[in-house]
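Dear colleague,

Please find the structure below, together with its sequence.

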Amino acid sequence: MSIPHLIMNASLVVQLVMLLLLAASIASWVVIFQRSFALRRARKAQKAFDERFWSGVDLNELYRDVPENYEAQGSEHVFRAGFREFNRLMPKTRSSEAVLDGVQRSQRVALSREEDSLNANLTLLATVASASPYIGLFGTVWGIMGSFQSLSMAQQATLSTVAPWIAEALVATAMGLFAAIPAVIFYNRLSSIASRLLGEYEDFAEEFHSILHRNLQGRGGNQAA
């Protein structure tokens, strides 16, 4: 009655259910490790960029000071998108409102891409968390059905007649929970981290927009003087 013995001697349907749950569990753990490392890198990149940005460095220097083939992420991506649009529109129009609207649109696009990047593959964890218990329950129901069938064909009802069927049904339930519980825990944790990072990106976008607005007001005031 060991678990490996029950799995090997389970009915074909229950074995397929267990195989599906095992695949779902492996996939969810791959996503958990991949997203954990990715969000940790995003957190470090965010902290490093914040320190550079608020250190008083010239914005033009900060924009140009990037290595080749460098892919910005987080607030730096928002900054580069907004500042690129700012530099593109400044020679073309004297309207501060048009410049700031263009910057805001570019920042929204960058924020949308960052949101997609932060939440990548988290839907798989949500799917595993919600579907695994029901898949395991299907295996449970199938095993109990098998136990009733064996009882109907047996001349004498004994525990040894139904025990294998009930045991495999319970193993299917356990595997469903084994796949679902880590997926639920890490989905909530990783989603919370992603939401906090996205909130920091949005706060930076607002602050950067205010900085550009003050700069444009200052230029307008100097020109008027």
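**What surrounds Phe53**

Once its neighbours within four places in sequence are set aside, Phe53 is in contact with Leu59, Leu62, Phe79, Phe204, Phe208 and Ile211. Please keep in mind that this is a predicted model.

Phe53 is also among the residues with the most contacts inside the largest nonpolar core, which has 40 residues, and the others listed with it are Phe79, Phe83, Leu118 and Phe208. At least two residues of this core come from each of α2 (12-53), α3 (59-64), α4 (75-89), α5 (96-118), α6 (122-153) and α7 (159-224), and α7 gives the largest share, with 14 residues. Another core, of 8 residues, lies apart from the largest one, and Val17, Leu21, Ala172 and Met175 are among its members.

**A look at α4**

Because 12 of the 15 residues of α4 are buried, this helix is largely enclosed by the rest of the structure; the buried residues include Phe79, Phe83, Phe86 and Leu89, as well as Glu76, Arg80 and Glu85. The length of α4 can be checked too, since at 1.5 Å a residue its 15 residues should span 21 Å, and its end C-alpha atoms are 21 Å apart, which agrees.

**The chain as a whole**

The chain contains 7 helices and 0 strands, and 39% of its 225 residues count as buried. If you take the contacts between residues at least 6 apart in sequence, 80% of them join residues at least 24 apart. Finally, the chain exposes about 13,500 Å², of which carbon and sulfur atoms supply 59%.

With best wishes

How values were computed. Residues numbered from 1 in each chain as written. Predicted model: local features only at pLDDT ≥ 70, side-chain atom pairs only at ≥ 80, totals over all residues. Heavy atoms only, no water. Core = buried A, V, L, I, M, F, W, Y, C linked by side-chain atoms within 4.5 Å. Buried < 20%, exposed > 50% of the residue type's maximum accessible area, 1.4 Å probe, protein only. Helix = DSSP H or I, 4+ residues; strand = E, 2+ residues; numbered from the N terminus. Contact = heavy atoms within 4.5 Å. Expected span 1.5 Å × (residues − 1). Areas by Shrake-Rupley, 256 points an atom, 1.4 Å probe, with all protein chains shown as cover.
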